[in-house]
Amino acid sequence: MAIAGTAAIAAEQGLTAEEYERIRALLGREPSVEELGVFGVMWSEHCSYKSSRLFLRQLPTTGPQVVQGPGENAGAVDVGGGLAAVFKVESHNHPSFVEPFQGAATGVGGILRDVFTMGARPIAILDSIRFGTLDQPRTAYLVKGVVGGIAHYGNCVGVPTVGGELVFDPGYERNIIVNAFTIGLVPADRIVRARAAGPGNPVMYVGSRTGRDGIHGASLLASAALDASAPDKRPAVQVGDPFAEKLLLEACLALLRTDHVVAIQDMGAAGLTSSAIEMAGRGGAGIVLDLDRVPLREEGMTPYEILLSESQERMLLVARAGAEAAVAEIFARWDLEAVVIGQITGDGCFRARWHGNEVCALPVDALTTEAPVYRRPAHEPERLDEMQRLDLATVPIPADLGGTLLTMLESPNLCSREWVYRQYDQFVGGNTVLRPGGDAAVVRIEGTRRALALTLDCNQRYSQLDPYLGAVLSVVEAARNCVAVGARPLAVSDCLNYGNPERPEVMWEFQHGIAGIRDACLALETPVVSGNVSFYNETEGRNIPPTPAIAMVGLLEDLDQLLTPWWKNEGDVIVLLGRTREELGGSEYLAVVHGQVRGTPPWIDLEAERRLHQVVLTAARERLLRSAHDVGAGGLAVALAECAFGGVGLGVRVRLEEDVRVDAFLFGESQSRILVSLRRRHLRRFEEIARREGVPCTVLGEVRGHAIVIGDVINLPVDDLRERWRRALERSLGA
Amino acid sequence: MRWGVVIFPGSNDDRDTLRAIEQVVGDEALPLWHKDRTVHGVDCVVLPGGFSYGDYLRCGAIARFSPVMEAVSAHARAGGLVLGICNGFQILCEAGLLPGALVRNRGLRFLCDIVTVRVETSETPFTYGCKAGELLQLPIKHGEGCWVADDATVAALEAEHRIVLRYTDRLGRATAAANPNGSLANVAGLCNAERNVVGLMPHPEHAVERLTGSEDGLRLFRSARAWLGRAAAGARREPALVPGP
């Protein structure tokens, strides 16, 4: 007979007194300790989305390209030729702060499993990682640990890491961000879902054995704020084994090519418990597990520990009755175990037995659809009005604008990321067409002339100043980065990193962030097909800036239309699409040069953005362009320099526009701008396309020589600029 | 010609190698399983890149004991061609089929980049179609690519022209700055005394299309067919040179 739980035990599982009462009412009895553990994880913020669920419903999730929307292990879109691209982004923030190497490594491992569990072979990884400023003593350690962990796992599993972002901001000093994204390919009619069905079908456990690691990772580490005792939570961080993952990947893909499997799910957060219950919930089935049949790494584990362990590299699957031996044989080829530990039932209950005794008997609905949903109080942060005020008259224009450009190019958020991505295998798979350093990564769809453009973007500074606009601009930037390589934006996976939702200001930021993603995704027709909410990014009362990371997947119909940012030929005309306004609010320039984070983010007209995309994609189709580059953080001067840093190192000679302040022209971050170069003889046709779409089109100058020459204010040799831009990060890290 | 690509648990570049040989080079290639005790009569065995057996203990240290390695050794002793790429090179060193050892990069970090290498000899199956002194652009991606050996071994390799590729700058100078991992004598690849077993740290299988960065790797795969052709032609010619009774 199981020991009866108490309110105190419930609190240890992260359940509130009200939630405990709700459980008693739902069951009509006292839950056992094991049952409370199960409720604790299933009703945790991380698993139940109880504070976000109401708002997530606003996001657009449908469209002709959508094969699978939110609710499965990952989303999927049609990429032509009968293939679906399966992708998702997920956070691993708290574990990575507590133990950077293993935290980041297992973050990559988890997102890989979400993709290959659907039958898709992973073809690329991207990561968005954010840290406090480099003057903090722990930052370099955290950066090296996280980058090393990502490299260790991705390289060993054999999936290329092709892009992402690295950002430094004081807002992440005590709570770093590690978001990992994976995309894979599968024939659209072979996607495997996680819906348990068929009473009598066996439930099989495959992969690594279960140990005592990661217990309470989902409930206590991911669903609560961090405090000074963060290092003590190290035992809640799992330890990754990428070699085991590689075997599991190959075995699962081999298995999923057969018809032996009804449903399969990664044992991720909340391990065996959540994978069993979520599969049962989606399929409207019941499930019974014999915990004493679970392969264990150590003796003496209790049923409670077995249920809640987050040991890595494990999967739970529902096989067709009679296929058990065939499944086991496929896994044996890779020296992996596959054992039957339970079966599907028709009673709608999650039952767990331990040496014949039932330790859990819970209605699946009570754990899933009956989980609490909160509309938490929300109100606008008081500081916002004040922060949005910016009087440009108080911002002096630097006397040495060339020196300012150099300072910008060496600043931690704008300098080259080469030190990071040289640690990642970018080549494995043999389909990486555009490696890190372009606007988006480009990976060919094997055996075709089509390719996927992949990008992961967020502007936390804009979000801090205006959570709605910040989210809109994050989506828009991700889409524009796809367009800049010649790809049509298809769909989004979002990773919503916010602070403590029990604080009304955070809830307000979150609600406005969702509204921003909704509006931008509707306007650009890029539905959200998967994602993840990470709340409680709070340490010692301090919350992170709103950080809605947007992973955008674009489709390049023909690799002949591929665009890269780099200047190609002396004499090519340089044209700026879009309008430069006198906007410096929230810019990198204002932060780096003037030490200020204030003002309103740049203005955006989503319809104008769409038309800009149309112009670039039409010109790419007509092969009019030699290069294209998004004008983003750092503004036009930084963009002009970045285009000179790849290829043969050609310079530019461009004129100054006089209708805005010179620093706004050089470093302002007005939206909906793309910088292109083209042969002079294509200029008239290009201008005609821009005029038809009503997109401003300005000839700035031409590709010439080996120096960046802007009006009479900047004249710097490319070689020198590039060396300093390349070396800056390594130097700041003391690496 | 027929190639076989060994799949160890943890091999990562096996699929890319098979595809490069079959679809780009146009030769026949078959996967060889690590539990096989034969190489199925192929002309050339490739040990591909990756992290065989997780590279636990030491890179390549466990793979050398896998059942297929006995067959690979026998194939090599019989004069068959063997190409080890990256982890494959590490396995060949561990198995004693190539001299020296590959240890942690000088910079202590995994390193992925496209580098320039200089062909040092065309007298191997995989550089037969190149000229000595020619420069190739090839990707590297490894954490343990620093080749080390004692002085006598290095001297012998130099004397016998067994260093196959060397890291250089873009002008072909084997400088310390152009050495990405601290390898002795800038060694990027070498061969055994019989010249039929070659180990390379760079990845020719990732350099078979201009679209994905370089097609210089094709030269190495295509050389093998020419090498075998020469051997075969040599074999046919020889009797004609023998004076009649």
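In the predicted model, the crossing of helices α22(A) and α25(A) is right-handed. Helix α22 spans residues 606-621 of chain A and helix α25 residues 683-693 of chain A, and the two pack at an angle of about 155 degrees with their axes 9 Å apart. Because angles over 145 degrees count as roughly antiparallel, α22(A) and α25(A) are described as roughly antiparallel to each other. On the side of α22(A), the residues R611(A), Q614(A), V615(A), T618(A) and A619(A) take part, and these meet F686(A), I689(A), A690(A) and E693(A) in α25(A). By class, this contact comprises five nonpolar, two polar and two charged residues.

Chain A also contains an open sheet of six strands, arranged in the order β1-β2-β3-β6-β4-β5 with mixed pairing. Its edge strands, each of which pairs on one side only, are β1 (66-68) and β5 (161-168) of chain A, and neighbouring strands are turned by 20 degrees against each other on average, direction ignored. Helix α8(A) lies across β4, β5 and β6 of chain A and runs at about 175 degrees to β4(A).

The contact between the chains takes 22 residues from chain A and 20 residues from chain B. On the chain A side, α8 (139-157), α10 (242-256) and β14 (432-434) are the elements that give two or more residues, and the residues of this side divide into 10 nonpolar, eight polar and four charged.

Definitions and conventions:
Residues numbered from 1 in each chain as written. Chains lettered and ligands numbered in written order. Predicted model: local features only at pLDDT ≥ 70, side-chain atom pairs only at ≥ 80, totals over all residues. Contact = placed C-beta atoms within 7 Å. Helix = DSSP H or I, 4+ residues; strand = E, 2+ residues; numbered from the N terminus. Nonpolar A, V, L, I, M, F, W, Y, C, P; charged D, E, K, R; others polar. Axes fitted to C-alpha atoms, helices over the stretch in contact; angles between N-to-C directions. Parallel < 35°, antiparallel > 145°, perpendicular 65-115°, else oblique. Left-handed = near helix turned anticlockwise from the far one by under 90°. Pairing = 2+ DSSP bridges.
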